[in-house]
Protein chains: 2
Amino acid sequence: MLFKIIAVGKLKDKALAAKTAEFEKRIQAFGKLEVVELKDGTKEKECARILEALEKERGLIIVLSEEGAELTSQAFSGVISSANRKLIFVIGGPYGLSDEVKKRAEKVLSLSKMTFTHEMCRFFLTEQIYRAIAIAKGIKYHND
Amino acid sequence: MLFKIIAVGKLKDKALAAKTAEFEKRIQAFGKLEVVELKDGTKEKECARILEALEKERGLIIVLSEEGAELTSQAFSGVISSANRKLIFVIGGPYGLSDEVKKRAEKVLSLSKMTFTHEMCRFFLTEQIYRAIAIAKGIKYHND
């Protein structure tokens, strides 16, 4: 399984960075995960950088956005295990993502109706990718 | 504002404990937050301990459960700021909560369709309580 996470800005919070790294490592045991942190700036600049980063991608592009569809962890696991191609996730910055970026995606996913910081989204998404793998592979993990 | 979080088990993960403590401290600047960690055990024993802890409570009891209603952070802020009484939140352990506990609650709240560990729920809930206060009081905070 090949995964890529394209995020705007660095994970500055040390505790969240540690938790995210922990799940990135867990994912690496089952596939390849590449994380790209784009430079932050204005919404326009950030979205231009995302589109540029997506230009050469041919996999399944999933963009995280509050207006996206919510999935259960089981359904998310189904998406990941049935994709049969690289999965590219996009997490915007605090200003969110332009319609152009959302149009470039095959799926727009919402992690919750509640609003979280984009740093928290990095952690949630990484944990959910690992949980999705655990569900698909029948690996014992909390609450699955 | 008076808040109480009744949780089953301790927050053992150091990074999540640090993040949760950070938001508990932020909440304390605007009200009183009491956190009670009940001893874990079988689902039956955990739920009996929760019901016992709830016995003397007269505030608005909100139980976290996957089958609960999802709220936006704005709507959650509305619930908190219009409650005019103590808010008591209940987070179960990995086995979940009995119907008896759910019936004791005035509201059953779901943080996401996705499943998270109960330790992650502690952190998410604490952050959302702070975010709710920030929204209600017009305090500048990420993504609100």
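Two strands are taken to pair if DSSP finds at least two bridges between them. In the predicted model described here, strand β1 (residues 2-8) of chain A is joined to β2(A) by seven bridges, and the two strands run parallel. One of the residues involved is A:V8, whose bridge partner in β2(A) is A:L38.

These strands belong to an open sheet of five strands in chain A, with parallel pairing and the order β2-β1-β4-β3-β5. The edges are formed by β2 (32-38) and β5 (107-110) of chain A; each has a single partner strand, so one side of each has no neighbour in the sheet. From one strand to the next, the twist averages 30°. Helix α2 (residues 43-54) of chain A packs on this sheet, where it touches β1, β2, β3 (60-70) and β4 (87-91) of chain A. The direction of α2 makes about 150° with that of β2(A).

Within strand β2 of chain A lies A:L33. This residue counts as buried because it has 21 C-beta neighbours inside 10 Å, the cut-off for a buried residue being 20 or more. When neighbours within four places in sequence are left aside, A:L33 is in contact with A:F3, A:E24, A:I27 and A:Q28. Although A:L33 and A:I88 are 55 residues apart along the chain, their C-alpha atoms are separated by 9.7 Å.

In chain B, strand β4 (residues 87-91) was examined residue by residue. Five of its five residues are buried, so β4(B) is largely enclosed by the rest of the structure. In a regular strand the side chains alternate between the two faces of the sheet. In β4(B), B:L87, B:F89 and B:I91 point one way, whereas B:I88 and B:V90 point the other way. Strand β4(B) is joined to β1 (residues 2-8) of chain B by five bridges, with the two strands running parallel; here B:K4 has B:I88 as its bridge partner. Strand β3 (residues 60-70) of chain B also pairs with β4(B) in the parallel sense, over four bridges, and B:V90 is the bridge partner of B:V63.

Helix α5 (residues 118-137) of chain A contains 20 residues. From its first C-alpha to its last it reaches 28 Å, close to the 28 Å expected at 1.5 Å a residue. Of its 20 residues, 17 are buried, so α5(A) is largely enclosed by the rest of the structure. The helix is followed by A:G138, whose phi is positive, near 65°.

The two chains also touch each other: 21 residues of chain B are in contact with 21 residues of chain A. On the side of chain B that touches chain A, at least two residues each are supplied by α1 (14-28), α3 (73-82) and α5 (118-137) of chain B. The largest share of this side, four residues, comes from α1(B). By class, the side comprises eight nonpolar, eight polar and five charged residues.

Two copies of a chain are related by a rotation about an axis and a shift along it. The same surface serves both copies, since 100% of the contact residues of chain B recur in chain A.

Terms used:
Residues numbered from 1 in each chain as written. Chains lettered and ligands numbered in written order. Predicted model: local features only at pLDDT ≥ 70, side-chain atom pairs only at ≥ 80, totals over all residues. Contact = placed C-beta atoms within 7 Å. Nonpolar A, V, L, I, M, F, W, Y, C, P; charged D, E, K, R; others polar. Expected span 1.5 Å × (residues − 1). Buried ≥ 20, exposed ≤ 12 C-beta atoms within 10 Å, placed from the backbone. Axes fitted to C-alpha atoms, helices over the stretch in contact; angles between N-to-C directions.
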